[in-house]
Amino acid sequence: MIRWLELRRMRRAYCQLPERDRAIFGSVRFDDLDYVQAAELHGCSIEEVERSIARVLVALDRAATIRRE
């Protein structure tokens, strides 16, 4: 049950992220593009891809590590 709640929190956090961050993250993680390819696809710099990936990972990590009191 706890794992299910954790996944639910992570899904909610992911859905609350900007669409661009989710799209870039999906290109890298699910479509297996490298950062250069993702930057070209989304019309941004490699640094923006790095920042987007970092924002998504931080949001997911925070959602996963919330402790119930």
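This is a predicted model: local features need pLDDT of at least 70, side-chain atom pairs count only at pLDDT 80 or more; totals for chains, interfaces and linings use all residues.

Visitor: Why is alanine 54 called partly exposed?

Guide: Alanine 54 has a relative accessible area of 38%, so it counts as partly exposed. The rule says that buried means under 20% relative accessible area, exposed means over 50%, and partly exposed is in between, with a 1.4 Å probe and protein chains only. Residues are numbered from 1 along each chain as its sequence is written, and side-chain values use heavy atoms, with hydrogens and water left out.

Visitor: Where does alanine 54 lie?

Guide: Alanine 54 is in helix H4. Helices here are DSSP runs of H or I with at least four residues, strands are runs of E with at least two, and both are numbered from the N terminus. By that count the protein chain has 4 helices and 0 strands, and the order from the N terminus on is α-α-α-α.

Visitor: How far apart are the C-alpha atoms of alanine 54 and aspartate 21?

Guide: They are separated by 9.3 Å, although the two residues are 33 apart along the chain.

Visitor: Is alanine 64 buried or exposed?

Guide: Its relative accessibility is 18%, so alanine 64 counts as buried. Across the protein chain, buried residues make up 32% of the 69 residues.

Visitor: What makes aspartate 21 and arginine 55 a salt bridge?

Guide: Their closest N and O atoms are 2.8 Å apart. A salt bridge is a side-chain nitrogen of Lys or Arg within 4 Å of a carboxyl oxygen of Asp or Glu, so the pair passes. The pair links distant parts of the chain, with aspartate 21 in helix H2 and arginine 55 in helix H4, 34 residues apart.

Visitor: How many salt bridges does the rule give?

Guide: The count comes to 5. One of them joins the side chains of glutamate 6 and arginine 3, at 2.7 Å from N to O. Both residues lie in helix H1, 3 residues apart, which is about one turn of the helix. Glutamate 6 is at 17% relative accessibility, so it counts as buried, while arginine 3 has 52% and is therefore exposed.

Visitor: How do you know that glutamate 19 and arginine 22 meet in a salt bridge?

Guide: Their side chains come to 3.0 Å, N to O. These two sit in helix H2, again 3 residues apart, about one turn of the helix. Glutamate 19 counts as exposed because its relative accessibility is 51%, and arginine 22 counts as partly exposed because its value is 21%.

Visitor: What makes a nonpolar core, and which residues touch the most other members of the largest one?

Guide: A nonpolar core is a set of buried Ala, Val, Leu, Ile, Met, Phe, Trp, Tyr and Cys residues joined through side-chain atoms within 4.5 Å. The largest has 16 residues, and Val49 and Ile53 touch the most other members. The elements giving two or more residues to this core are helix H1 (2-16), helix H2 (19-29), H3 and H4. H4 gives the most, with 7 residues.
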